[in-house]
Amino acid sequence: MSDAAQPTAAEVRAAAEAVKTALDRHLAAVERRSGEDDPAVYEAFNQLAAAAEVYDELLYDRYDEVTPFEIPGAEEALPPYTGPEEPNALSVLIRRDYAVAEPQRLLAQAERIEAADGDEAAPASGTIHGALGLLFGEFEPDEIASRHKEFGLEEGDSTLWVAAADEPAEPGEWLEAPFEQVDPQQVVCRFDVSAVFDDDLDDDEDEGEADLEEELDTDLDEDEDLEPLDADRA
């Protein structure tokens, strides 16, 4: 960042004051919360997170310093649940991403499906998109998820949301846009799977291994002054 684009000291100071104000508002909201999922607390939390993020960015741009705080953004957590306490219906929304890792394996599986169906008039297995259509038309999504390597696919991120509702939807009501009418405040629970989480675990394991190696090296250094064992000593 150029010097001309850097924030002024006054701007950094103003951002710090904004954090203090947001912190006071958050504490006040928590002290007078009306329940476990009080929307006022949720709003105050988001305001505090936004103010802290602005301050952190300005502090870094001006002084090349950061804060010790790590506040999760609003996209990392669901808002407070405001749906029915005793849902009469629910919707399960699933997204699973795959990469076509082995196209030839996928095409071979599609050819087997066509051969088993005896449909040779208009083969669809010669293209990737046609093979995918055959695959997902033949097998349930859960079976594909459990056998994805067999079909030449590689798993990516996935998420599952369970949303509550007062009444079941009318037949055909949401088919044109199945994912546009989801109210995040009616999501009972969600489950995410991502390689990002695996990377975090790998980093923790690497740090643990490094700490263990350092401890072992230290122990070995401390034992350097020990006399060697004498095999002839009684």
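1. Two strands are said to pair if DSSP finds at least two bridges between them. Strand 2 also pairs with strand 3 (residues 187-193), again in the antiparallel sense, over six bridges, and there Trp161 has Arg190 in strand 3 as its bridge partner.

2. Before going further, please keep in mind that this is a predicted model, in which local features need pLDDT of at least 70 and side-chain atom pairs count only at pLDDT 80 or more, while totals for chains, interfaces and linings use all residues. Residues are numbered from 1 along each chain as its sequence is written, and side-chain values use heavy atoms, with hydrogens and water left out.

3. On confidence, pLDDT is the predictor's own confidence in each residue, from 0 to 100; its mean for the protein is 80, and 75% of the residues reach 70 or more. Where pLDDT is low, the predicted coordinates should not be read in detail.

4. As for the overall plan, the protein has six helices and three strands, which follow the pattern α-α-β-α-α-α-β-β-α along the sequence. Of its 234 residues, 21% count as buried, a term that means under 20% relative accessible area, with exposed meaning over 50% and partly exposed in between (1.4 Å probe, protein chains only). Contact means heavy atoms within 4.5 Å, and among the contacts with a separation of 6 or more, 71% are between residues 24 or more positions apart.

5. Helix 1 has 23 residues and reaches 33 Å from its first C-alpha to its last, close to the 33 Å expected at 1.5 Å a residue; the expected span is 1.5 Å times one less than the number of residues. Its buried residues are Val12, Ala15, Ala16, Val19, Ala22, His26 and Ala29, and the buried residues of helix 1 pack against helix 2.

6. Which residues of helix 3 are buried? They are Leu106, Leu107, Gln109, Ala110, Ile113 and Glu114, and because they cover an arc of only 160° around the axis, they lie on the same side of helix 3; the arc is that of the directions from the helix axis to the C-beta atoms. On the other side of helix 3, Gln104, Arg112, Ala115 and Ala116 are exposed. The buried residues pack against strand 1 (89-100) and helix 4 (128-138), and just after helix 3, Gly118 takes a positive phi of about 70°.

7. The largest nonpolar core has 11 residues, namely Leu106, Leu107, Ala110, Ile113, Ala131, Leu134, Leu135, Phe139, Ile144, Phe151 and Leu153. Helix 3 gives the most to this core, with four residues. A nonpolar core is here a set of buried Ala, Val, Leu, Ile, Met, Phe, Trp, Tyr and Cys residues joined through side-chain atoms within 4.5 Å. Leaving aside neighbours within four places in sequence, Phe151 is in contact with Arg105, Leu106, Gln109, Leu135, Phe139 and Ile144.

8. Ile94 lies in strand 1 and, at 39% relative accessibility, counts as partly exposed; its C-alpha atom is separated by 4.5 Å from that of Leu160, 66 residues apart along the chain. Beyond neighbours within four places in sequence, Ile94 is in contact with Thr159, Leu160 and Phe179. Cys189 lies in strand 3, is partly exposed with a relative accessible area of 27%, and touches Leu160, Trp161 and Val162, not counting residues up to four places away in sequence.

9. Finally, Asp64 has a positive phi of about 60° although it is not a glycine. Asp64 lies in the loop between helix 2 (39-63) and strand 1, and it counts as exposed, at 53% relative accessibility.

Terms used: Helix = DSSP H or I, 4+ residues; strand = E, 2+ residues; numbered from the N terminus.
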